[in-house]
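Trainee: I would like to learn how to read the features of a model from its coordinates. Please take them one at a time.

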Amino acid sequence: MTLLEAAQYGNPAINVGVFALFVAATLGIVIAVTRQKSKASDFYTGGAAFSGRQNGLAITGDYLSAAAFLGVTGAIALYGYDGLLYSVGFFVAWIVALFLVAEPLRNTGKYTMADVLSFRMNQKPVRTAAATSTLVISFVYLLAQMAGAGGLVALLLGVSDRTMQSLVIGLVGALMVVYVLIGGMKGTTWVQMIKAVLLVGGAAIMAALVLFGSGFNLSGLLAGAQAAALDPAIGNGKDLLVPMQQYGANEFTKLSFLSLSIALVGGPSGLPHVLMRFYTVPTAKEARRSAVWAIALIGIFFLITLVLGMGAAQLVGQKAILAAPGGANAAAPLLALHLGGEIFMGIISGVAFATILAVVAGLTITASASFAHDVYNSILKNGSADPEQEVKVARITSVVIGILAIIGGIFANGQNIAFLISLAFAVAASANLPSILYTMYWRRFNTRGSVWSIYTGLISSVVLIVFSPSISGSKSAMLGEAINFAWFPLTNPALISVPLAFLAGWLGTITSPVRGDEELAVEMEVRSMTGAGAGEAIAH
């Protein structure tokens, strides 16, 4: 495909029609399956009424964000071996999250991550810290999804005007709020399930078409992609199959790569919106079934991204991808255009759009639940808030989050969303993971240790990101190289911020005169391993 051919970007009328169909269908389903009730459990967890298979599909839908489909495919198309590390990191991270965190967390908590972190601690300071980190992580993650929405729709409508792209981001934010207000967790879960089937199915069809064109010879596909990348007419001249082409060879880029790896592997274990999914099943057994379904589907999908990325490099060309609105994020839609024409591109892009809508709705549910349940009810009302009022606060919060996400998404528009997600993973791995692991597996851990760990990880990761080459001082920075206030040399802070959070949690614990509650620690261990008493109200 030449640059001229790529510039046509399909038929905008078809693309808009497919988008409208997806939105209308999913909204109709949300309305059909949702019964508005005042109980907090209906809004937060869908009444814990989903089966393991259903929840496994929903977890897959929540975990496979726009970064997984658009960002990773683009990263592999442009950087080959180095881009594939995103796929490997995301999948390995999911396995780590399941083994160490997900089920024990579900068995111990009720609605949010803060339920677990404050289980045997002083409620108010720990809940405040946990809610703060949840809101910050959700916001950073939302930036990536909104940036993906702007780039995707800009590509499909053929618009490069920033104002028009900003209007698109505003539309996505408005739709996100509508999904949450109408459906709560139940409606959002159904959207996630439908989106997971469409995403994995659509990606599998694309991969089959790519492999068919190469005679189902993976080695031939890789060789073809390598040759295309080295061709100066369509490629960037770098060998896709050689590692460290993206990161370079100097000491700081190697450390940035190591830091990125830590963020990718540790981040999902601290993502509140993914962990909250396990509260929507009634038993620990169903939670394990959820995990089995999610591992299978997520593993298959990330294997498919290798084929899609290499196919895009060979069939579309790296220069065509970079020339398109959305840059690297346009690789998957342009590959669909090459493989099946305008209608197929519209369908695949509609799936990607549904992916973004579903994930941002899940993020908004998590953030609004954290504020309403952890801040409003548990801290401001001392756990005595009326459930109807708590849900009302959650709904208001979702509108505020939607507005902030729109504003942030406009500023983040044009960034590679896989890269933005890696920053969110770094904040999650720093702020939440150390405190979660200490809480679950160290009996002596106490309130001071938990608060120190969360705030140290959160503040250090955010500060280092702000003053890193990711934000200013480089060609790929969010603010460009003309503005430069970067003094931290690494593009990802996890290498520094994660150890700092672990150290702060340990220091806070051993310097506190108050030891952790041994009896509650034993009770928590029994709950986390067996699921006994899961979902019960936690107050002491």
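**Reading the fold**

Mentor: In this protein, 83% of the contacts with a separation of 6 or more join residues 24 or more positions apart; contact means heavy atoms within 4.5 Å. The model is predicted: local features need pLDDT of at least 70, side-chain atom pairs count only at pLDDT 80 or more, and totals for chains, interfaces and linings use all residues. Residues are numbered from 1 along each chain as its sequence is written, and side-chain values use heavy atoms, with hydrogens and water left out.

Trainee: How many helices and strands does the secondary structure of the protein come to?

Mentor: Helices (H or I, at least four residues) and strands (E, at least two) are DSSP runs, numbered from the N terminus. Here the protein has 21 helices and 0 strands.

Trainee: What percentage of the residues count as buried?

Mentor: Buried means under 20% relative accessible area, exposed over 50%, and partly exposed in between, with a 1.4 Å probe and protein chains only. Of the 540 residues, 59% count as buried. As for the surface, accessible areas come from the Shrake-Rupley method with a 1.4 Å probe, and for residues only the protein chains shown count as cover. The protein exposes about 19,200 Å², and carbon and sulfur atoms supply 69% of that area.

Trainee: How does the span of helix H2 agree with what it should be?

Mentor: The expected span of a helix is 1.5 Å times one less than its number of residues. Helix H2 (residues 12–33) has 22 residues and should span 32 Å; its end C-alpha atoms are 32 Å apart, which agrees.

Trainee: Which residues of H2 are buried, and where do they lie around the axis?

Mentor: The arc is taken from the directions from the helix axis to the C-beta atoms. In H2 the buried residues are Asn-15, Val-18, Phe-19, Phe-22, Val-23, Thr-26, Leu-27 and Val-30. They cover an arc of only 155° around the axis, which puts them on the same side of H2. Ala-13, Leu-21, Ala-24, Ile-31 and Ala-32 are exposed on the other side of H2.

Trainee: What does the same reading give for the buried residues of H20?

Mentor: For the 18 residues of helix H20 (residues 494–511), the span should be 26 Å, and the end C-alpha atoms are 25 Å apart, which agrees. Its buried residues are Ala-494, Ser-497, Val-498, Ala-501, Ala-504, Gly-505, Gly-508 and Thr-509. Seen down the axis of H20, these fall within an arc of 125°, so they line one face of the helix.

Trainee: How many of the residues of H4 are buried?

Mentor: In H4, 10 of the 12 residues are buried, so the helix is largely enclosed by the rest of the structure. Among them are Asn-55, Leu-57, Ile-59, Asp-62 and Tyr-63. Helix H4 (residues 52–63) reaches 16 Å from its first C-alpha to its last, close to the 16 Å expected.

Trainee: Which residues form the nonpolar patch on the surface?

Mentor: Patches are made of residues with over 30% relative accessible area and no salt bridge: like charges are joined within 9 Å, and nonpolar side chains (Val, Leu, Ile, Met, Phe, Trp, Tyr) within 5 Å. A salt bridge is a side-chain nitrogen of Lys or Arg within 4 Å of a carboxyl oxygen of Asp or Glu. The patch here consists of Phe-139, Ile-396, Val-399, Val-400, Ile-403, Leu-404, Ile-407 and Phe-411, with about 730 Å² of accessible area together. Its largest share, 7 residues, comes from helix H16 (residues 387–412).

Trainee: Are Ile-396 and Thr-397 buried or partly exposed?

Mentor: Ile-396 is partly exposed, with a relative accessible area of 49%. Thr-397, also placed in helix H16, is buried at 10%. Leaving aside neighbours within four places in sequence, Thr-397 is in contact with Ser-368 and Phe-371.

Trainee: Where is Phe-216 placed?

Mentor: Phe-216 is in the loop between helix H9 (162–213) and helix H10 (218–230). Phe-216 has a positive phi of about 55° although it is not a glycine, and is exposed, with a relative accessible area of 56%.
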